[in-house]
Amino acid sequence: MTVADREEKREANGEGAWDPFPISSHGLRANNPLRKIVDTLTIPPTSKDKPMIPLSIGDPTTFGNLKTPQIFIDALCESIKSHSNHGYANSAGTPEARSAIATRYSYPGVKVDLEDVIIASGCSGAIDIAFKAVASEGDNIILPNPGFPLYQCLAKSSNIDVRFYDLIPSRNWEVDLESLRSQINERTRAIVINNPSNPCGNVFSKEHLLDIVAVAQEYGLPIIADEIYGAIVFGKNEFHPLCTLTSTVPILTVGGIAKEFLVPGFRIGWIIKHDNRNGTLRNVWNGALKLTTLILGANTIVQPALKSILAPEPGTKEEIELLEFNKETTKELEENAKFLTKFLDSVKGLKTVQPQGAMYMMLQIEVSEFDNTISDDIDFANKLLEEETVFVLPGQCFGIKNFVRIVLSPPKGKLVEACNRISNFCSNHMRSE
């Protein structure tokens with residue numbers, strides 16, 4: 001429609017008449033697959049007799065049982081009271097905050113300098129910058145399946161294609177290496193590895209990570225390592241930062257404070273560059289630095305407080321308190337994981353995959369055991385929500401059918417009540433013999 005046509009139509013319809021503008025192509029591409037499924041579920045009215053138990057929300061602060069360490073709160077109060085952190089900072093982060101991150105994530109043989117760190121608005125902001133820095137429109141990035149749905153949303157919103165490699169449930173969600181190889185083509189720019197995993201709760205062994213690195217080496221591809229749950233590992237499982245396992249494959253590590261320190265609303269994340277001797281990531285990093293200028297940097301109140309939690313003086317009371325905080329948080333999550341695994345494995349029609357870390361577990365729905373009202377994970381989640389007001393996320397939100405994701409962060413009492421309701425629901429929907 002021309003400007004003249006539009007003006008003529010407005011005059012015909014009255015001076016105040018306006019046609020709705022169409023949604024932009026940017027808006028159309030901002031399509032989170034999780035929302036597409038969750039928005040189809042029926043949320044029942046609130047009931048005093050059976051209040052909602054949301055085992056769906058990946059926010060560890062939801063129930064109030066897991067709290068931010070006092071050291072961090074005190075440092076934030078000091079930051080606010082100083083009146084010196086209320087303005088703009090360098091778009092890549094303050095030198096002090098970047099140094100604190102570099103100190104925390106340097107390892108024997110792997111030294112990180114502040115110039116290797118970009119601070120972003122949350123880990124999701126870091127992922128967004130990493131994707132845009134490494135890939136152009138029409139390129140592709142290889143993602144895990146099942147995996148965090150925001151990966152797909154962020155890539156596609158920038159016209160970056162996505163391809164998926166499979167994780168194998170029977171092998172505690174290890175990467176199917178042949179599936180990974182099959183997805184790589186001439187337009188592939190990076191492989192995403194999420195360890196420990198959301199939604200699966202698995203932690204890759206050192207040997208398996210070396211196998212993944214070997215594939216990246218074979219095809220000459222950098223890895224974007226999402227390690228935001230690296231400090232939350234259960235039992236004898238061990239987290240191995242990917243950057244410690246290779247000096248030849250370039251790594252962009254993304255992380256943040258949201259889950260380890262229980263502050264997802266503070267919106268501080270980061271990218272750490274681990275380049276090889278050839279400087280493979282030199283131009284990518286320059287692009288990432290330019291991308292930080294689009295939002296003029298992350299929260300300037302929180303950045304000065306990062307040193308208090310990421311780089312306390314060795315041997316001090318603060319360091320000991322933070323170690324104890326992490327130990328207690330991880331212990332509660334691990335105990336919840338053990339309880340859920342034991343209870344839900346005893347329910348006919350359900351099968352768990354033992355969590356090894358992070359804040360989630362995947363529960364398999366053996367559809368053949370249920371009546372004809374439950375044909376897949378979406379039916380299961382929807383009817384469980386309607387009948388028992390327990391909210392779980394269908395596996396199809398994450399790319400896999402006939403699983404649901406459950407969070408480990410609620411207090412034990414809530415989990416006991418939720419499990420009893422799930423057991424009752426399954427009993428009511430068993431297929432007749």
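This report describes helix packing, strand pairing, backbone geometry and aromatic contacts in a predicted model.

## Basis of the values

Because the model is predicted, local features are reported only at pLDDT of at least 70 and side-chain atom pairs count only at pLDDT 80 or more, whereas totals for chains, interfaces and linings use all residues. Residues are numbered from 1 along each chain as its sequence is written, and side-chain values use heavy atoms, with hydrogens and water left out.

Helices (H or I, at least four residues) and strands (E, at least two) are DSSP runs numbered from the N terminus. In helix α5, which spans residues 95-104, the buried residues are Ala97, Arg98, Ala100, Ile101 and Ala102, where buried means under 20% relative accessible area, exposed means over 50% and partly exposed lies in between, with a 1.4 Å probe and protein chains only. These buried residues of α5 pack against β2 (117-120), β9 (269-274) and α11 (306-310), with contact taken as heavy atoms within 4.5 Å.

Helix α10 (residues 282-292) has Val284, Trp285, Ala288 and Thr292 buried. These residues cover an arc of only 95° around the axis, which puts them on the same side of α10; the arc is that of the directions from the helix axis to the C-beta atoms. The buried residues of α10 pack against β2, α6 (122-134), β8 (251-256) and β9, while the face turned away from the buried side carries the exposed residues Arg282, Asn283 and Lys290.

Strands β3 (residues 140-145) and β4 (residues 161-168) run parallel and are joined by 6 bridges, two strands being paired if DSSP finds at least two bridges between them. Within this pairing, Ile141 stands opposite Val162 in β4. Together with helix α7 (residues 149-157), β3 and β4 make a right-handed β-α-β unit; a crossover is right-handed if, with the strands pointing away from the viewer, the path from the first strand over the helix to the second runs clockwise.

Strand β4 also pairs with β5 (residues 174-175), here in the antiparallel sense and over 2 bridges, and Leu167 stands opposite Val175 in β5. The hairpin of β4 and β5 has 5 residues between the strands, and Asn172 in this hairpin takes a positive phi near 55°.

## Backbone geometry in the loops

Most residues other than glycine have a negative phi, and most peptide bonds are trans. A cis peptide bond with omega of about 5° joins Asn145 and Pro146, and Pro146 is found in the loop between β3 and α7. Another cis peptide bond joins Asn198 and Pro199, with omega of about 25°; Pro199 belongs to the loop between β6 (188-194) and α9 (206-219).

Arg267, although not a glycine, has a positive phi of about 55°; this residue is in the loop between β8 and β9 and counts as partly exposed at 32% relative accessibility. Leu296, also a residue other than glycine, has a positive phi near 60°, lies in the loop between α10 and α11 and is partly exposed, with a relative accessible area of 48%.

Thr68 is found in the loop between β1 (53-54) and α4 (70-81) and counts as partly exposed at 21% relative accessibility. The C-alpha atoms of Thr68 and Phe261 are separated by 5.7 Å, although these residues are 193 residues apart along the chain. A polar atom of the Thr68 side chain lies 3.3 Å from the backbone oxygen of Leu262, a polar contact being a pair of N or O atoms within 3.5 Å in which, within protein, one must be able to donate a hydrogen and the other to accept it, and residues adjacent in sequence count only if both atoms are side-chain atoms.

The structure holds 11 aromatic pairs, counted for rings of Phe, Tyr and Trp (its six-membered ring) with centres within 6.5 Å, where planes under 30 degrees apart are stacked, over 60 edge-to-face and the rest tilted. The rings of Phe72 and Phe261 have their centres 6.4 Å apart and their planes at 65°, so the pair is edge-to-face. Phe72 lies in helix α4 and Phe261 in the loop between β8 and β9, so the pair ties together parts that are 189 residues apart in sequence.
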